[in-house]
Amino acid sequence: MVRGVREFQEDFRDDRRREEERSDSRREDQRRQDMLRAQEESDRQRREDERRQDALRIVMNDDAIEITPEERKLINNPEMKMMDDGSIVRRARARGSAFASQFRLDKLLPRAKKTVRKKARKELDRLQAEAFREANKLLRTKAGKLRKGVTQSDVAKRAQKILKRLRK
């Protein structure tokens with residue numbers, strides 16, 4: 001046997017199927033991950049339900065616990081919360097985190113002076129809207145599609161011509 005020479009082994013796999021196999025394995029991995037996420041969510045929900053049932057079971061089965069109508073109102077009020085020391089407080093409404101509110105644009109940017117639109121600008125905008133309506137009516141079909149060979153650029157050019165005519 002010759003030293004240093006390796007035998008060539010022909011690979012009989014079909015190269016045309018490799019991309020399909022790769023995409024199939026990706027889809028399978030995605031399905032597997034989705035199933036795991038769904039299972040974890042289901043387990044979390046089950047644990048939460050068990051926790052609620054355990055708390056309710058303790059209150060119902062303990063004869064020493066008596067709930068007055070006032071306590072019942074507090075228990076069923078979602079705005080009330082009991083602290084670890086037993087004190088009852090009103091829950092603050094979450095308006096967003098304090099961290100996020102410090103980056104609001106209205107707090108970061110200086111107050112911009114409101115610009116007043118001049119009468120001429122309003123008139124020009126009204127004329128432009130009218131010109132685009134007319135250009136679209138001419139260059140579109142009843143269904144709203146652009147006619148064959150016509151682009152949005154052609155519509156804008158036509159609108160500019162119509163605007164020029166309207167301003168005279």
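A pocket here is an open set of points on a 1 Å grid over the protein atoms alone, where a 1.4 Å probe fits, with protein on both sides within 12 Å along at least five of seven lines; lining residues have an atom within 4 Å of a point. Its volume is the space filled by probe spheres set on the points, which are joined across faces, edges and corners.

The model is predicted: local features need pLDDT of at least 70, side-chain atom pairs count only at pLDDT 80 or more, and totals for chains, interfaces and linings use all residues. Residues are numbered from 1 along each chain as its sequence is written, and side-chain values use heavy atoms, with hydrogens and water left out.

**First selection.** Select Arg52, Ala55, Leu56, Val59, Met60, Ile67 and Ile75, which line the second largest pocket. Helix α1 contributes the largest share of this lining, five residues; helices (H or I, at least four residues) and strands (E, at least two) are DSSP runs, numbered from the N terminus. By class, the lining has six nonpolar, no polar and one charged residues. Ala, Val, Leu, Ile, Met, Phe, Trp, Tyr, Cys and Pro count as nonpolar, Asp, Glu, Lys and Arg as charged, and the others, Gly among them, as polar.

**Next selection.** Turn to Glu71, Leu74, Ile75, Asn77, Met80, Lys81, Met82 and Ile88, the lining of the largest pocket. Elements α2 (69-76) and β1 (80-82) each give two or more residues to this lining. The space in the largest pocket is about 310 Å³, and its lining comprises five nonpolar, one polar and two charged residues.

Select Asp43, Arg46 and Glu50, which are linked in a network of salt bridges. A salt bridge places a side-chain nitrogen of Lys or Arg within 4 Å of a carboxyl oxygen of Asp or Glu. For Arg46 and Asp43, the closest N and O atoms are 3.9 Å apart; for Glu50 and Arg46, they are 3.2 Å apart. Arg46 and Asp43 both lie in helix α1 (residues 18-61), three residues apart, while Glu50 and Arg46 are four residues apart. Arg46 is partly exposed at 42% relative accessibility, where buried means under 20% relative accessible area, exposed over 50%, and partly exposed in between (1.4 Å probe, protein chains only).

**Final selection.** Show Glu134 and Arg165, whose side chains meet in a salt bridge (2.9 Å, N to O). This pair links distant parts of the chain, with Glu134 in helix α5 (residues 119-139) and Arg165 in helix α6 (residues 152-167), 31 residues apart.
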